[in-house]
Amino acid sequence: QSQLSQALNGLSDRAKEAKEFLVQLRNMVQQIQENSVEFEACLVAQCDALIDALNRRKAQLLSRVNKEHEHKLKVVRDQISHCTVKLRQTTGLMEYCLEVIKENDPSGFLQISDALIRRVHLTEDQWGKGTLTPRMTTDFDLNLDNAPLLQSIHQLDFVQMKVSSPVPAPPILQLEECCTHNNSATLSWKQPPLSTVQVEGYILELDDGNGGQFREVYVGKETMCTVDGLHFNSTYSARVKAFNKSGVSPYSKTLVLQTSEDAQAEEQTLPFPVPLERSQLRRMSPFSSTLNLQPSFSGRSYFELRSSAHQLSLHSSLQSLNSAVDIKKMVAVAWFSFDPSSAHADIIFSNDNLTVTCNSYDDRVVLGKTGFSKGLHYWELSIDRYDNHPDPAFGVARIDVLKDAMLGKDDKAWAMYVDNNRSWFMHNNSHTNRTEGGITKGATVGVLLDLTRRTLTFSINEDQQGPVAFENLEGLFFPAVSLNRNVQVWAWTG
């Protein structure tokens, strides 16, 4: 009995390990499916970008061909006109001379014959060498060399990005170096002392200060980050994880931070539409946070590195904004991207989650990663694709808004939906304020959320669309869009 009991204990351990292994395999199935959808979306976006670039180049080359065509026609038509005039003059002179030859009065003929002879010779000389030679050839001396591009397309293939090295261990938050001051928080972390796994960078996440979802506020190689622009008198939770080419580590332990009480700083308001200084600022590299980060970082995801001529920290951006306009306090600029974790499963993401479309003909909703509860916020949505006149909707929503219907169908979203001719405001399935003026490919929809005045206003191509759309807004709002497969939009935030 003792021997059998010991043997069963060993077998029980193997069975327990097998169950845990099965759970791991099932999780891998789910992860593979999610990664496949994301990878396919990235592949489609990259191929679409190549096709768009080729179409733009095609348009440029066709424009050159048309210019050459118009130039050739103009030269030939000018020569036809010139030659026609000269031929008419020559024919008229010939007819006159033939009539003079018929003159029977010798004295009268001799009076004009010398002048006519000189005029005939002069006219003949005007038809000199080259006059009756075409000034333009009919051939187009252009040849499109597409062989190198075709070869590159045939060679287009995947590059293996991951290596068989282990993922990093969870970082350790260094509590003795973490602190808060007013509405700023400084966090510091390090790798475990005995860890030998190479780390490419770290991802720092904070919640919204109200126990809400975590969001990325820093991605980079630094092991210390100062986060400015937090709410006063709020409690934030922070965590960090490491990544390399093989994947992402588990999170560190969560650290709870308390900011100081409100300093009652005077608030700055900006008119609508956003002035040029803000317009220039929002075109800089997209950060996924509402916060001001130090030191500056390139705003990359852990799947690929991004380089940009406009990479700089929000801190320096706000300094340039302060120098351009008279601002009485530091403004925390709100950068965000779309959130795959809360979006409908049919939404397709690309461009670091700044571009979205859909694989369904039905309307699907996607939210931004960042929620707003106070302050003045403006962002724009560029229409990258618009086919068959769909009705995309733009606005704000609660986190639990319906994801499988047009934005504004329930009471948790405030939106403007628009086609190619007109727009409507919609909340709780109530349609109001029909306004002429729609969108096409290349159009820009602006959303101005003023939580100081508690209003929501929309614009199309920088002109306000209709009156103030909604008033008396209060609570936590997330940027939101609903679209189907006939629309693709790109978010410009900050």
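**Notes on the predicted model**

1. The side chains of Arg 364 and Asp 346 form a salt bridge, with 2.9 Å from N to O; the term denotes a side-chain nitrogen of Lys or Arg within 4 Å of a carboxyl oxygen of Asp or Glu. This pair links distant parts of the chain, 18 residues apart: Arg 364 belongs to strand β13, and Asp 346 to the loop between α5 (314-324) and β11. Both Arg 364 and Asp 346 are buried, that is, under 20% relative accessible area, where exposed means over 50% and partly exposed lies in between (1.4 Å probe, protein chains only). Helices (H or I, at least four residues) and strands (E, at least two) are DSSP runs numbered from the N terminus.

2. On the basis of the note: this is a predicted model, in which local features need pLDDT of at least 70 and side-chain atom pairs count only at pLDDT 80 or more, while totals for chains, interfaces and linings use all residues. Residues are numbered from 1 along each chain as its sequence is written, and side-chain values use heavy atoms, with hydrogens and water left out.

3. Strand β13 (residues 364-367) is covered on both faces. Arg 364 and Val 366 are buried on one side, as are Val 365 and Leu 367 on the other. In a regular strand, side chains alternate between the two faces of the sheet. β13 pairs with strand β22 (residues 478-483) in the antiparallel sense over four bridges, pairing being assigned if DSSP finds at least two bridges between two strands. In this pairing, Val 366 stands opposite Val 481 of β22.

4. Which strand gives the most to the lining of the second largest cavity? The strand is β22, with three residues. β14 (376-386), β15 (393-397) and β22 each supply at least two residues of this lining. Among the lining residues are Phe 336, Trp 379, Phe 394, Pro 479, Ala 480 and Val 481. The second largest cavity holds about 40 Å³ of space, and the count comes to three cavities of 30 Å³ or more. A cavity is a set of points, on a 1 Å grid over the protein atoms alone, where a 1.4 Å probe fits but cannot get out; lining residues have an atom within 4 Å of a point. Grid points are joined across faces, edges and corners, and the volume is the space filled by probe spheres set on the points.

5. An open sheet of seven strands has the order β11-β12-β23-β14-β19-β20-β21, with antiparallel pairing. β11 (347-350) and β21 (463-464) stand at the edges with a single partner strand each, so one side of each has no neighbour in the sheet.

6. Within this sheet, β11 and β12 pair in the antiparallel sense over four bridges, and Phe 349 stands opposite Val 356 in β12. Their hairpin has four residues between the strands, and Asn 351 there takes a positive phi near 55 degrees. Strand β12 (residues 355-358) is joined by two bridges to the antiparallel strand β23 (residues 487-492). Val 356 has Val 489 as its bridge partner in β23, and Thr 355 has Trp 490. Both faces of β12 are covered: Thr 355 and Thr 357 on one side, and Val 356 and Cys 358 on the other, are all buried.

7. The count comes to 14 salt bridges. One of them joins Glu 205 to Arg 239, with the closest N and O atoms 3.0 Å apart. Glu 205 lies in strand β4 (residues 201-206) and Arg 239 in strand β7 (residues 235-244), so the pair ties together parts that are 34 residues apart in sequence. Both Glu 205 and Arg 239 are buried.

8. Another salt bridge is formed by the side chains of Glu 474 and Arg 454 (3.6 Å, N to O). Glu 474 lies in the loop between β21 and β22 and Arg 454 in the loop between β19 (444-450) and β20 (455-460), so the pair ties together parts that are 20 residues apart in sequence. Glu 474 counts as exposed because its relative accessibility is 60%, whereas Arg 454, at 32%, counts as partly exposed.

Methods: 1 Å grid on protein atoms, 1.4 Å probe; cavity = no way out; pocket = protein on both sides within 12 Å on 5 of 7 lines; lining within 4 Å.
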